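Please look over the sequence and the model shown here. The briefing that follows takes the topics one by one, with short notes on how each term is used.

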Amino acid sequence: MLVKLDNVQKHYGDFSLSCSIQLEEGHITGIIGANGAGKSTMFKSILGLISTDGGTVEILGKEGSKLDTSDKQQIGVVFADSTFNGSFSIMDITTIMESMYDNFDKKTYLEKCEKYGLPLKKRIHDFSTGMTAKFKLLTAMSYGAKLLILDEPTVGLDSVVRSDLLDEMREFMEQEGRAILISSHISSDLEGLCDDLYFLKDGNILFHEDTDVILSDYAILKVSEEQYQNLDKNHVIYRKKEPFGYMLLTGNKQYYLDNYREIVAERGSIDDVLLMMAKGERIQ
């Protein structure tokens, strides 16, 4: 287990984080939720950037507080709102990375930067948003880390740049023993990337599910008031009142297709699940 949070607590005024998650080798696990749900707080708790108020954090099989220098060299991190000093160039960063990381692969790193058109001698401060995002991810993957922790790495980027970054993440995972923990509110990025997803709302994990299961088994049911009253609700997770009746989220689409052929059952996307969690009422 590369990451394990067991009932980790963090309190900020009116906001409280309370969560448990696991990340296994060979997996890309996504954390999805609206802005302010607690994704960044969770990541900072994992990395020891903030103190927690309860629970335990394990990373790379150790308590988070007991990681040594060699352990930390196995972790690559990208935060949307932070990077290196903007006055540095990629060549400056290369020198820094060589001195900090035993397994820094200078040759591959510079080749990757050139592949994506990143100017080696230009100040990072003068990079475009897309260039900065590529630079940060390539740097995090440049020294043979086993674990990538990525907090909104594709935020504010166009579809072409996002596609490039997702391809780099998939390539990173080709080597055994690696894993990625990624947060994003761009659900389309996660649908084709993640093995499983945790849904976070107001600091709490609402549920955890394999991505394939969500895309194959979940559905949005649209029913009238009369249909709702006569419906078996044992497989309904959330409901949302609408002028025509109700929108319902189910994790057993086939049951309703087989037994209620008169109702509308639409494929449940990650966006649908997130919307129902944010706006709907949980009924089980």
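Lysine 62 is partly exposed, with a relative accessible area of 30%, where buried means under 20% relative accessible area, exposed over 50% and partly exposed in between, using a 1.4 Å probe and protein chains only. This is a predicted model, in which local features need pLDDT of at least 70 and side-chain atom pairs count only at pLDDT 80 or more, while totals for chains, interfaces and linings use all residues. Residues are numbered from 1 along each chain as its sequence is written, and side-chain values use heavy atoms, with hydrogens and water left out.

**Surroundings of lysine 62**

- Lysine 62 belongs to strand E5, which covers residues 62-63; strands (E, at least two residues) and helices (H or I, at least four) are DSSP runs, numbered from the N terminus.
- Not counting residues up to four places away in sequence, lysine 62 touches Val57, Leu67, Asp68 and Asp71, a contact being heavy atoms within 4.5 Å.
- The side chains of lysine 62 and aspartate 71 are joined by a polar contact of 2.7 Å, a term for a pair of N or O atoms within 3.5 Å, of which, within protein, one must be able to donate a hydrogen and the other to accept it, and for which residues adjacent in sequence count only if both atoms are side-chain atoms.
- Leucine 2 is 60 residues from lysine 62 in sequence, and their C-alpha atoms are 8.9 Å apart in space.

**Two loop residues with positive phi**

- Glutamate 152, which is not a glycine, has a positive phi of about 50°, and this residue lies in the loop between strand E7 (147-151) and helix H6 (159-172).
- With a relative accessible area of 10%, glutamate 152 is buried.
- Aspartate 202, also a residue other than glycine, has a positive phi near 50° and is placed in the loop between strand E9 (196-201) and strand E10 (204-210).
- Aspartate 202 counts as exposed, at 52% relative accessibility.

**The five-stranded sheet**

- Five strands form an open antiparallel sheet in the order E14-E11-E13-E12-E15, where two strands pair if DSSP finds at least two bridges between them.
- Strand E14 (264-267) and strand E15 (281-282) stand at the edges with a single partner strand each, so one side of each has no neighbour in the sheet.
- Helix H11 (residues 270-279) packs on the sheet and touches E11, E12, E13, E14 and E15, its direction making about 70° with that of E12; such angles run from 0 to 180 degrees between N-to-C directions, and axes are lines fitted to C-alpha atoms, for helices over the stretch in contact.
- Strand E11 (residues 219-223) pairs with E14 in the antiparallel sense over four bridges, and isoleucine 220 has glutamate 266 in E14 as its bridge partner.
- E11 and E13 run antiparallel and are joined by five bridges, with leucine 221 standing opposite leucine 248 in E13.
- E12 and E13 form a hairpin with two residues between them and pair in the antiparallel sense over six bridges.
- Six of the six residues of E13 are buried, so the strand is mostly covered.

**Helices H5 and H6**

- The axes of helix H5 (residues 129-140) and H6 come within 10 Å and cross at roughly 5°.
- H5 is therefore roughly parallel to H6, since angles under 35 degrees count as roughly parallel, over 145 as roughly antiparallel, 65 to 115 as roughly perpendicular and the rest as oblique.
- Among the residues making this contact are Leu137 and Leu138 of H5 and Leu165 and Met169 of H6.
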